Amino acid sequence: MATVGFIGLGIMGRPMLKNLLKAGHTVIAFDCNPAALDECVAAGALRGASNSDIGARTDMIVTMLPDGPQVEAAVLGAGGVLEGAKAGTLIIDMSSINPLVSQQVAMACAAKGVDFIDAPVSGGEPKAIDGTLAIMVGGSETAFQKAEPLLKLMGSSALLTGPVGAGNTTKLANQIMVACNIAAMSEALVLTTRCGLDPEVVFNAVKGGLAGSTVLNAKAPMLIARNFKAGFKIKLHQKDLRNALQTAEANNVVLPLTALVQQMLSSLMADGKGDLDHSAIATVIEGLSHTEVKKPS
Ligand code: NAD
């Protein structure tokens with residue numbers, strides 16, 4: 001069993017790290033939040049002193065950070081992984097970031113003989129705990145083969161989708177489909193509620209047909225119960241759609257639906273609701289028609 005470095009011990013990183021420990025790996029962990037690091041050390045991880053310390057003590061490192069700027073800081077910045085890392089080290093970045101940033105970080109790593117792959121995930125905290133995430137990988141075939149046994153401890157699928165950046169491009173596709181699906185579900189349930197129907201009956205009637213989806217099954221019950229406790233936070237989804245729109249612009253592509261849903265997320269952010277679950281997109285659509293999705297009284 002290899003010694004693995006793990007940087008970024010948030011909602012997702014902590015359970016993912018625990019699955020590596022459970023499989024028998026020695027894990028050296030670091031996070032700039034001492035409380036998160038303490039929890040992982042209590043679970044059996046070794047305490048890293050800094051990102052560069054992780055780079056110096058391991059040659060396979062997982063990062064699970066919020067966005068591109070944090071990945072750049074943790075890997076390339078002062079006191080970052082590259083300061084300590086030896087040639088031949090593999091960095092597996094599982095954060096959801098702009099694919100262009102993945103490519104830039106990979107190039108800086110390559111200049112020091114360090115391999116880098118992007119391997120963002122879908123499935124949220126429950127699947128991070130179960131070790132059943134869907135993992136979308138960008139990188140060389142050789143680096144993927146080296147990482148695959150580790151990825152399989154954290155996910156039920158790990159698919160190589162193309163060169164570095166392709167994992168995050170695939171993740172952007174995932175996030176576009178999820179956001180637009182939540183918005184479409186919200187419009188449908190606002191309409192049927194306003195027409196006097198019970199949203200739960202409507203949900204049960206359509207879920208087995210073509211409109212049925214994992215998103216519908218997860219988010220319609222939350223909306224009907226008025227439960228917007230995250231799950232996946234509005235502020236993270238706003239970050240993902242921002243990355244999608246930047247990637248679209250860089251590639252001369254127009255994403256009208258994504259841009260519209262991004263405005264809804266911005267409205268929620270402006271309203272101080274960035275920590276709510278992304279199913280709260282529905283509340284913006286409800287507000288436009290003064291109709292709350294709920295059982296008829
Ligand atoms: P989080 O904010 O809970 O955790 C991020 C951690 O990174 C924090 O503990 C923070 O202290 C640490 N950190 C930030 N900068 C650092 C640095 N320079 N050095 C060391 N540590 C640093 O985020 P999360 O929910 O765990 O998400 C991580 C990534 O996974 C994000 O890109 C997110 O979009 C993606 N993701 C999240 C979910 C979800 O449901 N939460 C699902 C799929 C994908």
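**Reading the pocket lining**

Analyst: Sorted by class, the residues lining the largest pocket comprise 22 nonpolar, 16 polar and twelve charged ones. Keep in mind that this is a predicted model.

User: How is such a space found, and what volume does the largest pocket have?

Analyst: In general, rolling a probe the size of a water molecule over the atoms shows where empty space is left. Here the largest pocket has a volume of about 1,400 Å³. Its lining counts 50 residues, and those closest to the centre are Met12, Gly124, Gly231, Phe232 and Leu236.

User: Which elements give two or more residues to the lining of the largest pocket?

Analyst: Helices H1 (13-22), H4 (68-76), H7 (124-130), H9 (166-194), H11 (214-224) and H12 do, along with strand S7 (121-122). The most comes from H11, which gives five residues. Domain 1 (3-162) and domain 2 (169-289) each supply at least three residues to this lining.

User: Now the side chain. Is Lys239 buried or exposed?

Analyst: Lys239 has a relative accessible area of 8% and is therefore buried, as the cut-off for that class is under 20%. Lys239 belongs to helix H12, residues 234-250.

User: What does Lys239 touch, leaving out residues up to four places away in sequence?

Analyst: Pro66, Asp67 and Ser96 are its contacts on that count. With Pro66 there is also a polar pairing to read: a polar atom of the Lys239 side chain lies 3.2 Å from the backbone oxygen of Pro66.

Conventions. Residues numbered from 1 in each chain as written. Predicted model: local features only at pLDDT ≥ 70, side-chain atom pairs only at ≥ 80, totals over all residues. Heavy atoms only, no water. Helix = DSSP H or I, 4+ residues; strand = E, 2+ residues; numbered from the N terminus. Buried < 20%, exposed > 50% of the residue type's maximum accessible area, 1.4 Å probe, protein only. Polar contact = N/O pair within 3.5 Å; in protein donor to acceptor, adjacent residues only side chain to side chain. Contact = heavy atoms within 4.5 Å. 1 Å grid on protein atoms, 1.4 Å probe; cavity = no way out; pocket = protein on both sides within 12 Å on 5 of 7 lines; lining within 4 Å. Points joined across faces, edges and corners; volume = space filled by probe spheres on them. Nonpolar A, V, L, I, M, F, W, Y, C, P; charged D, E, K, R; others polar. Domains from an automatic or database assignment.
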